[in-house]
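Work through the exercises below on aromatic rings and their surroundings. Try each task before reading its solution.

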Amino acid sequence: MRAVSGPQKHVVIIGGGPGGYESALVAAQLGARVTIVEDDGLGGAAVLTDCVPSKALIATSDFMSRFATAGRLGVGFEGTEEDQHAEANVDQVNHRIIDLAKAQSTDIRAQLESVGVQVRPGRGRLLGNGRVAADLSSGQTEEYDADVILVATGCKPRIMDTATPDGERILTWQQIYDLTELPDHLIVVGSGVTGAELAHAYLGLGCEVTLVSSRDRVLPGEDADAATVIENVFRRHGMKVLNRSRMQSVRREGDGVVVTLEDGREVTGSHALLAVGSVPQTKGIGLEEAGVELSKSGHIVVDRVSRTSAQGVYAAGDCTGVLPLASVAAMQGRIAMAHSLGDAVAPLNLRGVCANIFTDPEIATVGYSQADVEEGRIEARVVTLPLSTNPRAKMRNIRDGFVKLFTRPGSNTIIGGVVVAPQASELIYPIGLAVQNRLTVDQVANTFSVYPSMTGSIAEAARRLHSHDV
Ligand SMILES: Cc1cc2nc3c(=O)[nH]c(=O)nc-3n(C[C@H](O)[C@H](O)[C@H](O)COP(=O)(O)OP(=O)(O)OC[C@H]3O[C@@H](n4cnc5c(N)ncnc54)[C@H](O)[C@@H]3O)c2cc1C
């Protein structure tokens with residue numbers, strides 16, 4: 001990428017998460033003068049409270065789980081039975097996580113400043129006609145003329161009137177890193193990605209966990225076979241999963257919490273973690289006044305090159321409601337900058353997005369899904385290969401998981417895939433490459449995989465789709 005010729009443009013970015021900071025880097029590379037206004041710290045919620053801290057917590061939890069299964073690989077520990085368990089020091093775990101997040105935020109700031117981006121700590125708002133105000137943390141207000149404005153203000157946890165977090169026992173996912181001790185019994189309300197990941201994390205850390213799910217099964221938006229594997233693993237490891245149980249309210253009672261369900265049942269525990277969705281941070285920053293259209297849910301309406309309804313105003317990331325992933329936020333931001341600054345641009349294509357749920361096993365997906373096939377959005381042939389037949393999986397004592405591939409009949413191109421496995425996040429990439437580049441099942445099947453390896457199952461699934469045809 002090189003600077004685009006012409007008079008230098010001023011890009012003003014509101015929000016310093018992946019949508020904002022990636023855009024700032026691209027805009028600077030393209031030769032623009034860039035100002036970024038961020039009110040919480042660079043890296044945004046992704047780095048400081050959401051994505052990075054939760055994955056760091058899960059890394060500790062997964063490490064601990066390995067002790068629990070060591071015996072099956074013939075590893076024993078010295079000492080008496082009672083001594084033979086790993087224990088997490090939550091205070092230390094959380095300190096490590098907070099330090100790690102802060103260090104990443106500092107790295108991002110250094111990277112931005114090294115390419116000349118002006119970082120302003122404060123709250124940004126639109127004034128209309130290409131002007132932006134920043135109410136700085138110092139108490140001053142600055143105003144800027146912008147040729148291009150990018151709004152990347154993200155989301156925050158949804159709070160219900162009947163379940164108000166107190167930061168001590170009733171917590172949002174952003175407050176758990178203040179805990180100094182492991183909860184005795186954590187009730188996780190909400191079984192979407194955040195609820196499932198954090199329920200998994202605390203179970204692995206050694207906590208009693210109850211997962212309250214309003215739907216028939218956990219992870220309702222995901223591949224049903226994959227979600228069933230995860231729910232079974234959760235239950236097998238001792239998690240109590242309450243399906244078809246909608247939370248009505250959460251209250252403190254003594255040293256604990258009471259979660260009341262809509263059917264009148266009450267669940268008691270020591271702490272409650274609320275994971276009931278997010279709301280966009282789009283209020284009170286002059287968007288509608290500046291002509292930016294919002295959806296009913298309050299998200300900013302954008303097209304595939306991240307344009308809003310207002311001339312010169314772009315938006316990226318969770319505040320657009322397109323797909324709440326850090327990678328998508330960053331891509332939307334890069335596209336916005338390329339489009340606004342006159343660089344070559346390809347509109348956003350969500351079919352190639354690799355996504356992962358960091359449970360154990362993990363669920364990684366790309367492209368068309370089983371629901372797309374079943375609901376008639378696409379015609380596809382499907383093969384599912386359980387990992388139980390994979391030699392590497394047997395060696396590693398992996399009992400749960402599968403590889404699923406979707407191909408388009410006729411062309412035999414791979415159009416989607418699901419991997420349920422430990423570190424599926426690392427295994428989905430070859431399928432992502434195949435989907436993005438329209439590789440055929442034969443091209444994938446004829447690519448060497450290491451023997452023995454988990455990727456061998458991807459090649460094997462592709463081979464089965466070939467034999468399907470003859
Ligand atoms: C628990 C959890 C785990 C997740 N894990 C993953 C994962 O593993 N992988 C993945 O890809 N995604 C993950 N996500 C999603 C990911 O965090 C988001 O998609 C990503 O943060 C979106 O980036 P963003 O730039 O849109 O917003 P954010 O990261 O939310 O950043 C927006 C920033 O803008 C700031 N801001 C808001 N209003 C203003 C204003 N007026 N002025 C100045 N600044 C403002 C906010 O303070 C915030 O710092 C996770 C989400 C959650 C909740």
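**Exercise 1.** Decide whether Phe67 is buried, partly exposed or exposed.

*Solution.* Take the cut-offs: buried means under 20% relative accessible area, exposed over 50%, partly exposed in between (1.4 Å probe, protein chains only). Phe67 has a relative accessible area of 34%. Phe67 is therefore partly exposed.

The model is predicted: local features need pLDDT of at least 70, side-chain atom pairs pLDDT 80 or more, while totals for chains, interfaces and linings use all residues. Residues are numbered from 1 along each chain as its sequence is written, and side-chain values use heavy atoms, without hydrogens and water.

**Exercise 2.** Classify the ring pair of Phe67 and Phe77.

*Solution.* Rings of Phe, Tyr and Trp (its six-membered ring) pair if their centres lie within 6.5 Å; planes under 30 degrees apart are stacked, over 60 edge-to-face, the rest tilted. Here the centres are 5.7 Å apart and the planes stand at 35°, so the pair is tilted. Helices are DSSP runs (H or I, at least four residues), numbered from the N terminus. Phe77 is partly exposed, at 36% relative accessibility.

**Exercise 3.** Find how many aromatic pairs the structure holds, and classify the pair of Phe63 and Phe67.

*Solution.* The count is two. For Phe63 and Phe67, the ring centres are 5.6 Å apart and the planes at 75°, so this pair is edge-to-face. Both residues sit in helix H3 (residues 51-69), four residues apart, so about one helical turn separates them. Phe63 has a relative accessible area of 45%, which means partly exposed. Finally, join the pairs: Phe63, Phe67 and Phe77 form a cluster.

Terms used
Helices (H or I, at least four residues) and strands (E, at least two) are DSSP runs, numbered from the N terminus.
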